[in-house]
Amino acid sequence: MLRRVLENRDAQTRQLQDAVTNVEKHFGELCQIFAAYVRKTARLRDKADLLVNEINVYASTETPNLKQGLKNFADEFAKLQDYRQAEVERLEAKVVEPLKAYGTIVKMKRDDLKATLTARNREAKQLTQLERTRQRNPSDRHVISQAETELQRATMDATRTTRHLEETIDNFEKQKIKDIKVFRNSLYPPDYSSRLDIVRANSKSPLQRSLSAKCVSGTGQVSACRLRKDQQADDDDEDEDLDVTKEEN
């Protein structure tokens with residue numbers, strides 16, 4: 001009967017080990033990917049700042065009407081970067097750092113698992129010893145009584161550590177679910193969508209008016225617009241290749 005109980009406990013321990021290992025693996029991957037996303041978003045913000053500066057420099061060389069349109073676009077585009085900066089700070093504080101903390105949490109849970117396994121192994125060892133004693137010395141009540149006492153102590157210790165492990169893993173799972181919900185809700189502030197829609201609406205008309213007027217004025221200027229766009233695409237491709245190279249190294 002006790003042997004069956006020990007087998008059931010071992011199966012339970014394996015399930016708990018799998019749960020901890022699963023969190024350790026996937027939360028570690030999530031932490032790395034989120035951190036990489038934050039770094040790339042920060043670099044995109046920096047690129048956008050350079051673009052805003054270049055638009056302002058170019059605007060200073062143009063006619064008054066086009067100059068005003070370009071500056072309006074640059075201002076609205078700069079506002080978008082404020083949201084991007086807020087996203088970087090929010091992800092770093094609300095997602096990346098809490099995910100990093102799970103490294104310590106998982107280590108503590110593994111320590112709990114180790115203590116439980118040690119207690120259960122001691123219990124199993126005492127049970128085996130008692131069975132051997134009964135087989136070898138069935139009439140020696142003193143030796144058998146000592147073995148039974150040692151087994152009882154080991155069983156009490158194993159039961160205590162098992163109960164503690166069940167409680168700590170249960171709290172671990174509850175905290176994990178709670179944190180995942182926090183991660184999801186922390187990605188954007190409550191009024192992010194409505195405020196971003198306002199920024200998009202305000203930045204759309206100056207850009208369309210300004211660039212439409214400029215590009216209609218001559219084919220040479222249209223070619224210049226396309227050249228600048230192609231050049232920017234090439235720069236982005238070079239940046240992406242550089243990022244991939246760094247990650248491979």
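**View 1. Val23 and the residues it touches.** Setting aside neighbours within four places in sequence, Val23 is in contact (heavy atoms within 4.5 Å) with Gly28, Tyr102, Val106, Phe172 and Lys176. This is a predicted model, where local features need pLDDT of at least 70, side-chain atom pairs count only at pLDDT 80 or more, and totals for chains, interfaces and linings use all residues. Residues are numbered from 1 along each chain as its sequence is written, and side-chain values use heavy atoms, with hydrogens and water left out.

**View 2. The nonpolar cores.** A nonpolar core here is a set of buried Ala, Val, Leu, Ile, Met, Phe, Trp, Tyr and Cys residues joined through side-chain atoms within 4.5 Å. Buried means under 20% relative accessible area, exposed means over 50%, and partly exposed is in between, with a 1.4 Å probe and protein chains only. The largest core has 20 residues, and Val23, Phe27 and Leu99 have the most contacts inside it. Helix 1 (2–59), helix 2 and helix 3 are the elements that give two or more residues to this core. A second, separate core has 9 residues, including Val52, Leu66, Phe73 and Ala74.

**View 3. The aromatic cluster.** Which residues form one aromatic cluster? They're Phe27, Tyr102 and Phe172. The structure holds 3 aromatic pairs; to pair, rings of Phe, Tyr and Trp (its six-membered ring) need centres within 6.5 Å, with planes under 30 degrees apart counted as stacked, over 60 as edge-to-face and the rest as tilted.

**View 4. Gln81 in helix 2.** Gln81 lies in helix 2, which runs over residues 64–136. Is Gln81 buried or exposed? Gln81 counts as buried because its relative accessibility is 3%. With neighbours within four places in sequence left out, the contacts of Gln81 are Arg45, Ala48 and Asp49.

**View 5. Pro98, also in helix 2.** Pro98 lies in helix 2 and counts as partly exposed, because its relative accessibility is 26%. Beyond its neighbours within four places in sequence, Pro98 is in contact with Ala93 and Phe183.

**View 6. Lys125 and Leu151.** Lys125 lies in helix 2 and counts as exposed, since its relative accessibility is 59%. Lys125 and Leu151 are 26 residues apart in sequence, and their C-alpha atoms are 8.5 Å apart in space.

**View 7. Thr168 in helix 3.** Thr168 sits in helix 3, residues 141–186. A relative accessible area of 10% is why Thr168 is buried. Not counting residues up to four places away in sequence, Thr168 touches Lys109 and Asp112.

**View 8. Stepping back to the whole chain.** The protein chain has 5 helices and 0 strands, giving the pattern α-α-α-α-α along the sequence. Helices (H or I, at least four residues) and strands (E, at least two) are DSSP runs, numbered from the N terminus. Of the 249 residues in the protein chain, 28% are buried. Among contacts with a separation of 6 or more, 83% come from residues 24 or more positions apart. The accessible surface comes to about 16800 Å², and 52% of that belongs to carbon and sulfur atoms; these areas come from the Shrake-Rupley method with a 1.4 Å probe, and for residues, only the protein chains shown count as cover.
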